[in-house]
Amino acid sequence: MELRLKDSFFIITVSILLLLYLYKLLLKKNITIFKTIKIDDHFFIFTGIIILLITFILSSKSKLTLYTNYNYINKSSQQIISPIENVQSEDIEDTYGAPRPNGRVHEGIDIFAPYGAPIHNVIDGTIIYKGRDNLGGNVIKILGEDNRIYYYAHLSGYGKIEQGKDVIKNQVIGFIGKSGNAHATPPHLHFEIMEIHWLFPLSFGTINPYPELIEAIDSKIVKYVN
Ligand SMILES: [Zn+2]
């Protein structure tokens with residue numbers, strides 16, 4: 001069973017319309033409690049709230065995609081795969097939380113691989129963002145079936161993917177590169193996992209993906225597609 005935001009929007013809209021209709025009926029029957037506030041005031045408040053809500057949700061396309069595809073009920077716990085084929089666990093360093101310039105910390109794990117090597121999607125999900133980012137260069141954000149956000153950065157190019165569309169585990173979503181602030185380092189994928197704390201307003205934080213990555217690499221059960 002799934003309950004996504006677009007379904008709840010439909011339910012809410014129908015409920016509001018029904019309530020307005022009921023309100024009109026009550027007004028006709030001259031029930032005094034409903035006559036203390038003029039319909040104009042109600043209409044004003046109602047429209048204001050709707051406009052605020054729509055503005056908030058539409059403030060970014062990626063946020064809208066996230067909201068409409070977030071699955072409230074069915075939080076799957078499928079295991080991730082390694083985004084890069086032929087990577088050994090001993091080649092990956094746990095640099096999550098390591099200091100970075102300008103007081104930042106490293107919020108992900110870097111996986112070094114040859115320039116242009118394919119990057120595979122680690123979990124079934126939906127592309128919530130495909131585009132540029134100051135530090136990340138060419139990036140992808142995917143909302144996983146497990147309701148976490150997966151962030152891939154420094155790509156040289158993209159696979160056959162589209163923002164707003166679903167992607168399956170193992171699918172090639174992009175290629176290793178040096179875009180963003182990785183221009184001076186060897187080509188690598190910067191990989192992050194974010195957990196959503198609050199959906200409204202959206203609040204999330206990164207977790208250390210290192211243990212899951214190592215487990216994924218060591219399990220070696222994946223047959224990579226190209
Ligand atoms: Zn990094």
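Colleague: What percentage of the residues of the chain count as buried?

Modeller: This is a predicted model. Of its 226 residues, 25% count as buried.

Colleague: And how many helices and strands are there in the chain?

Modeller: The chain has 4 helices and 10 strands. From the N terminus, the order is α-α-α-β-β-β-β-β-β-β-β-β-β-α.

Colleague: Switching to strand pairing. Which strand forms a hairpin with E3?

Modeller: E4 does, with 3 residues between the two strands. E3 covers residues 125-133 and E4 covers 137-144. They run antiparallel, joined by 8 bridges. Within that pairing, Arg132 stands opposite Asn138 in E4.

Colleague: How many bridges join E3 to E7?

Modeller: 2 bridges, and the strands run antiparallel. E7 is residues 166-167. Gly125 has Val167 in E7 as its bridge partner.

Colleague: What about the open sheet of 3 strands, what order does it have?

Modeller: The order is E2-E8-E6, with antiparallel pairing.

Colleague: Why is one side of E2 and of E6 left without a neighbour in the sheet?

Modeller: Strands E2 (118-120) and E6 (157-158) stand at the edges. Each has a single partner strand, so one side of each lacks a neighbour in the sheet.

Colleague: What joins E6 to E8?

Modeller: 2 bridges, antiparallel, with E8 spanning residues 172-175. Gly157 has Phe175 in E8 as its bridge partner.

Colleague: Last topic, contacts. Among those between residues at least 6 apart in sequence, what percentage join residues at least 24 apart?

Modeller: That comes to 65% in this chain.

Terms used. Residues numbered from 1 in each chain as written. Predicted model: local features only at pLDDT ≥ 70, side-chain atom pairs only at ≥ 80, totals over all residues. Pairing = 2+ DSSP bridges. Buried ≥ 20, exposed ≤ 12 C-beta atoms within 10 Å, placed from the backbone. Contact = placed C-beta atoms within 7 Å.
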